[in-house]
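I opened a new page for this model.

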Amino acid sequence: DMMHLALETDSTRFITFFETGFNAVPTIPGVDTDYHMLSHHGKDPAKISQLTIVETELMKVFGRFLQKLDQSHQAGSTLLDQTMVLLGSNLGNASSHDTRNMPMLLAGGGFKHGQHLAFNRDNNHPLPQLYVSMLQRLGIETDTFATTTGTLPGLELE
């Protein structure tokens with residue numbers, strides 16, 4: 001609610017949100033283990049079941065945030081159309097601390113959405129290509145970020 005309000009009132013144009021309570025047991029029915037321990041599930045079906053509950057709730061909260069942005073109209077479009085929202089993880093497989101193939105979800109910001117871009121798991125595109133695409137959408141004339149050049153293939157503007 002606070003992030004939506006800050007964007008809606010133009011109090012800021014950039015927000016970073018980081019959830020720090022991952023070593024606490026979330027108050028979600030059906031969950032009795034902290035999120036961090038669940039993420040190191042080791043393929044244990046009971047832990048995966050609880051992890052699914054936690055991550056489903058996280059996605060519901062994220063979905064409500066996107067809905068609020070989509071329901072806020074400014075300058076002839078929705079706030080979601082004017083805002084790039086990136087949700088991601090620092091690990092592709094938390095159970096093994098693998099940093100390859102990290103899941104990223106980009107919403108809004110004038111990009112063509114409603115698609116899932118899946119790349120070769122062994123020869124994937126560098127994540128900074130997504131950041132180059134986002135920087136260019138902001139009007140920043142750059143073709144590089146970190147150690148990579150170019151934009152993310154398949155990510156197009158509307």
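My entries follow, from the whole chain down to single residues.

**Entry 1: overall layout**

I noted that this is a predicted model. I counted the secondary structure and got 4 helices and 6 strands. Read from the N terminus, the order is α-α-α-β-β-β-β-α-β-β. I took the extent of the C-alpha trace along the principal axes: about 45 × 40 × 25 Å. The protein has 158 residues, and 27% of them are buried. For accessible surface I wrote down about 10,700 Å², with 54% of that belonging to carbon and sulfur atoms. I also looked at contacts between residues at least 6 apart in sequence; 39% of these join residues at least 24 apart.

**Entry 2: nonpolar core**

Which residues form the largest nonpolar core? I found 9 of them: Leu7, Phe62, Phe65, Leu66, Leu69, Leu79, Leu80, Val85 and Ala107. Helix α3, residues 45-71, gives the most, with 4 residues. I then picked Leu69 and listed its contacts, leaving out residues up to four places away in sequence. Leu69 touches His4, Leu7, Thr78, Leu79, Leu80 and Val85. Of this list I followed up His4.

**Entry 3: histidine 4**

Is His4 buried or exposed? Its relative accessible area is 9%, so I logged His4 as buried. His4 is in helix α1. With residues up to four places away in sequence left out, His4 touches Phe65, Lys68, Leu69, Ser72 and Leu79. The backbone oxygen of Lys68 is 3.4 Å from a polar atom of the His4 side chain.

**Entry 4: salt bridges**

How many salt bridges does the structure hold? I got 4. I wrote up some of them.

- Asp1 and Lys68 meet through their side chains at 2.6 Å, N to O. This pair links distant parts of the chain: Asp1 is in the segment before α1 (2-8), Lys68 is in helix α3, and they are 67 residues apart. Asp1 is exposed at 69% relative accessible area, while Lys68 is partly exposed at 31%.
- Arg13 and Asp10 form a salt bridge at 3.1 Å, N to O. Arg13 counts as exposed, with 71% relative accessibility. Asp10 is partly exposed at 44%.
- Asp98 and Arg100 form a salt bridge at 2.8 Å, N to O. Arg100 is exposed at 57%.

**Entry 5: aromatic pair**

I searched the whole structure for aromatic pairs and found 1. Why is the pair edge-to-face? The ring planes of Tyr131 and Phe145 stand at 65 degrees, and the cut-off for edge-to-face is over 60. The ring centres are 5.2 Å apart. Tyr131 is in helix α4 (residues 128-137) and Phe145 is in strand β5 (residues 144-145). The two are 14 residues apart, and the pair links distant parts of the chain. Tyr131 is partly exposed at 24% relative accessible area. Phe145 is partly exposed too, at 35%.

How values were computed
Residues are numbered from 1 along each chain as its sequence is written. This is a predicted model: local features need pLDDT of at least 70, side-chain atom pairs count only at pLDDT 80 or more; totals for chains, interfaces and linings use all residues. Side-chain values use heavy atoms; hydrogens and water are left out. Rings of Phe, Tyr and Trp (its six-membered ring) pair if their centres lie within 6.5 Å; planes under 30 degrees apart count as stacked, over 60 as edge-to-face and the rest as tilted. Buried means under 20% relative accessible area, exposed over 50%, partly exposed in between (1.4 Å probe, protein chains only). A nonpolar core is a set of buried Ala, Val, Leu, Ile, Met, Phe, Trp, Tyr and Cys residues joined through side-chain atoms within 4.5 Å. Contact means heavy atoms within 4.5 Å. A polar contact is a pair of N or O atoms within 3.5 Å; within protein, one must be able to donate a hydrogen and the other to accept it, and residues adjacent in sequence count only if both atoms are side-chain atoms. Accessible areas come from the Shrake-Rupley method with a 1.4 Å probe; for residues, only the protein chains shown count as cover.
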